[in-house]
Amino acid sequence: MLQAMNDSFKVIDALADGEKLDVLQYQTLIEAMTPELAGYAADIADKVRRKIYGTDVYIRGLIEVGNVCRNDCFYCGIRKSNSMCERYVLANETILNCCAEGYKLGFRTFVMQGGEGAMSVDAVCDTVSQIRREYPDCAVTLSLGEYSRDDYVRMFNAGADRYLLRHETADKEHYLKLHPASMSFDNRMRCLHDLKDIGFRTGCGFMVGSPFQTSFTLAEDLAFIGKFDPDMCGIGPFIPQKDTPFGKFSAGSVQQTLFLLSLIRLIKPNILLPATTALGTLSPNGRELGIKAGANVVMPNLSPLSERRKYALYDNKLSTGTESAQSLALLKESVKNIGYKIVTARGDIKK
Ligand code: 5AD
């Protein structure tokens with residue numbers, strides 16, 4: 001027993017030395033999590049991050065461009081079958097107003113996130129090129145779901161720099177349990193590879209504690225991250241949304257999310273890793289804990305206040321307080337209090 005425990009600490013050291021593990025080794029590590037092991041991983045992950053990014057924390061202005069969605073993911077509050085969801089799509093002009101407000105606050109990356117198909121590809125491209133023209137010193141990130149390679153090329157040519165598309169799970173069978181048959185794991189992977197190949201800075205990610213997830217599927221997620229080599233990775237706990245098929249499942253664990261953030265930092269030292277809203281929703285100081293565990297990005301909400309509550313991916317999703325871009329001063333203060341610094345920068349990955 002003692003030997004096994006010591007081994008897990010050594011495995012953390014090995015990861016920090018750049019060793020890659022196989023799926024079964026990741027699984028053993030995930031199952032070995034204790035508060036002590038997680039604390040150790042967080043300390044080492046923090047050292048690794050400081051070597052590359054110092055104490056800088058990058059901010060992204062998140063604009064939820066619309067909650068209309070053509071997909072029906074079992075976990076998501078904006079799935080198309082959710083008749084309780086009040087739908088909206090922001091006009092181009094509204095999105096540009098969000099950018100103007102964000103720019104003044106110090107944001108140099110804007111993330112346009114939305115349900116799949118909420119905006120037409122034409123509308124996306126128009127808005128992106130307009131943002132690029134008006135804010136040449138800013139990066140534009142898209143997080144709009146699955147499209148054809150041609151559509152992604154159009155978005156890239158319009159000036160989008162980065163694309164976030166969570167893989168959701170690296171296990172094909174698990175993927176089938178989270179999504180209707182109309183969606184496919186293979187297409188998700190095709191999208192991710194196309195995005196990278198086109199030249200987007202590409203982000204993947206998954207929920208921690210999603211229904212039917214196991215230590216093995218999580219291990220597959222870590223192995224996938226090692227292999228795919230993304231520039232960004234968004235992870236946060238699963239949180240049930242009452243009007244979805246998964247409304248009665250329990251939420252993922254904050255502790256496990258923090259441990260996984262640390263492991264991801266060790267697997268990909270220079271990765272851009274957000275402390276997500278979901279983490280902040282489950283724990284009042286979740287985002288601060290995420291930063292201490294190795295995260296170096298936060299994504300405050302710049303969406304118009306009138307629409308914010310409608311983008312309810314899960315129950316009790318934070319949308320005001322330090323979660324909102326307008327309260328940036330509070331966020332800056334709480335990040336400073338734990339020894340880090342929110343900076344005004346595009347926050348590109350350091351290669
Ligand atoms: N709990 C936590 N995260 C969720 N997402 C969607 N629904 C939920 C939920 N119930 C995440 C998915 C998606 C991202 C935009 O939000 O991983 O990719």
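Predicted model: local features only at pLDDT ≥ 70, side-chain atom pairs only at ≥ 80, totals over all residues.
Let's start with the six-stranded one. Its strands line up as E2-E3-E4-E5-E6-E7, forming an open sheet with parallel pairing. Strands of a sheet are held to each other by backbone hydrogen bonds, and the pairing can be parallel or antiparallel. At the edges you'll find strand E2 (61-66) and strand E7 (232-237); each has a single partner strand, so one side of each has no neighbour in the sheet. Going from one strand to the next, the twist averages 20°.

Now zoom in on the E2 end. E2 and strand E3 (residues 109-114) run parallel and are joined by 5 bridges.

Two helices to look at here are H8 and H9. Helix H8 (residues 185-198) packs on this sheet by touching strand E5 (162-164) and strand E6 (201-208), and its direction makes about 150° with that of E6. Helix H9 (residues 215-228) also packs on the sheet, but touches E6 and E7, with its direction at about 170° to that of E6.

On to the other sheet, which is open and parallel too, with 3 strands in the order E8-E1-E9. Strand E8 (297-298) and strand E9 (341-343) are the edge strands, each pairing on one side only. Strand E1 (residues 56-59) runs parallel to E9, and 3 bridges join them; tyrosine 58, for instance, has valine 343 in E9 as its bridge partner. Helix H14 (residues 328-337) packs on this sheet, touching E1, E8 and E9, and its direction makes about 135° with that of E9.

Definitions and conventions
Residues numbered from 1 in each chain as written. Heavy atoms only, no water. Pairing = 2+ DSSP bridges. Helix = DSSP H or I, 4+ residues; strand = E, 2+ residues; numbered from the N terminus. Contact = heavy atoms within 4.5 Å. Axes fitted to C-alpha atoms, helices over the stretch in contact; angles between N-to-C directions.
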